[in-house]
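I opened this notebook page to keep a record of what I looked up in the model, entry by entry.

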Amino acid sequence: AKSQVRVFDTRETKQAAEEYTAHNGHVKGATFLANNNFFVSVGDDQHLKMWDRRMNKELRVVRMSQTINGMQLKEDVVTISHGSTVALYDITTFELLRSHTLPCIVNSASLHCDKQHYVCGGDDFKVYK
């Protein structure tokens with residue numbers, strides 16, 4: 001079933017200000033980009049999507065090879081943990097910058113401010129840096 005991403009006004013939480021039919025299955029995460037006119041979302045359908053709020057439509061899509069477990073945005077780089085992989089994408093072009101495969105399922109990952117390091121945690125109870 002299709003799931004939705006909803007944008008709410010923090011002053012009025014009873015009804016969504018905007019709704020987007022976003023993913024097949026559950027939405028795993030959504031975050032605004034810096035200028036507030038765009039946001040990205042990830043879902044059970046293994047897709048990273050960029051949305052334009054002004055045009056109320058999907059702009060870009062990238063399909064991951066495995067189930068997405070998490071997403072984090074740091075300036076112009078989005079970090080995706082999917083399966084046993086950490087992938088870094090340029091948010092303006094959706095170009096894959098780097099990808100690393102680890103020996104376990106990766107549940108979350110976060111890029112450092114210097115964009116040269118990331119930290120992630122997986123099913124083996126280790127933290128990788």
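Before I call residues opposite one another across two strands, I note that two strands count as paired if DSSP finds at least two bridges between them. I also note that the model is a predicted one.

**Entry 1: the sheet from β7 to β10**

I began with the open sheet of four strands, whose order is β7-β8-β9-β10 and whose pairing is antiparallel. At its edges I found β7 (68-74) and β10 (96-101), each of which pairs on one side only. From one strand to the next, I noted a twist that averages 15°.

Inside this sheet I followed β8 (residues 77-82) and β9 (residues 85-90), which are joined in the antiparallel sense by six bridges. Across that pairing I found threonine 79 with leucine 88 of β9 as its bridge partner.

I then turned to β9 and β10, which also run antiparallel and are joined by five bridges. There I located valine 86, which stands opposite histidine 100 in β10. The hairpin of these strands has five residues between them, and I wrote down that phenylalanine 94 takes a positive phi near 65° in it.

**Entry 2: the loop between β8 and β9**

In the loop between β8 and β9 I looked up serine 84. Is serine 84 buried or exposed? I counted serine 84 as buried because its relative accessibility is 16%, and the cut-off for buried is under 20%. When I left aside the neighbours within four places in sequence, I found serine 84 in contact with Gln66, His100, Thr101, Leu102, Cys104, Ile105 and Val106.

Between β5 and β6, which form a hairpin, lie four residues, and I noted a positive phi of about 55° for asparagine 56 in the turn.

**Entry 3: aromatic rings**

My count of aromatic pairs comes to four. One of these joins tyrosine 20 and phenylalanine 39 edge-to-face, with 5.0 Å centre to centre and 70° between the planes. This pair links distant parts of the chain, since tyrosine 20 is in strand β2 (residues 18-24) and phenylalanine 39 is in strand β4 (residues 38-43), 19 residues apart. I found both tyrosine 20 and phenylalanine 39 to be buried.

Phenylalanine 32 and phenylalanine 39 also form an edge-to-face pair, for which I recorded 6.4 Å centre to centre and 75° between the planes. With a relative accessible area of 39%, phenylalanine 32 is partly exposed, whereas phenylalanine 39 counts as buried at 3%.

**Entry 4: nonpolar cores**

The largest nonpolar core has 15 residues, and I noted Leu48, Ile80 and Tyr89 as those with the most contacts inside it. Two or more residues come from each of β4, β5 (47-52), β8 and β9, and β4 gives the most, with three. Apart from this core I found another of nine residues, among them Val77, Leu88, Leu111 and Tyr118.

**Entry 5: cysteines**

How many disulfides are there? My count is zero. For cysteine 113, I found the closest cysteine sulfur in cysteine 120, at 17 Å, which is too far for a bond. Cysteine 120 is in no disulfide either, and its nearest cysteine sulfur, that of cysteine 104, is 7.1 Å away. I recorded cysteine 113 as exposed, with a relative accessible area of 56%, but cysteine 120 as buried, with 3%.

Methods. Residues numbered from 1 in each chain as written. Predicted model: local features only at pLDDT ≥ 70, side-chain atom pairs only at ≥ 80, totals over all residues. Heavy atoms only, no water. Axes fitted to C-alpha atoms, helices over the stretch in contact; angles between N-to-C directions. Phe/Tyr/Trp six-rings, centres within 6.5 Å; stacked < 30°, edge-to-face > 60°. Buried < 20%, exposed > 50% of the residue type's maximum accessible area, 1.4 Å probe, protein only. Core = buried A, V, L, I, M, F, W, Y, C linked by side-chain atoms within 4.5 Å. Contact = heavy atoms within 4.5 Å. Disulfide = S-S within 2.5 Å.
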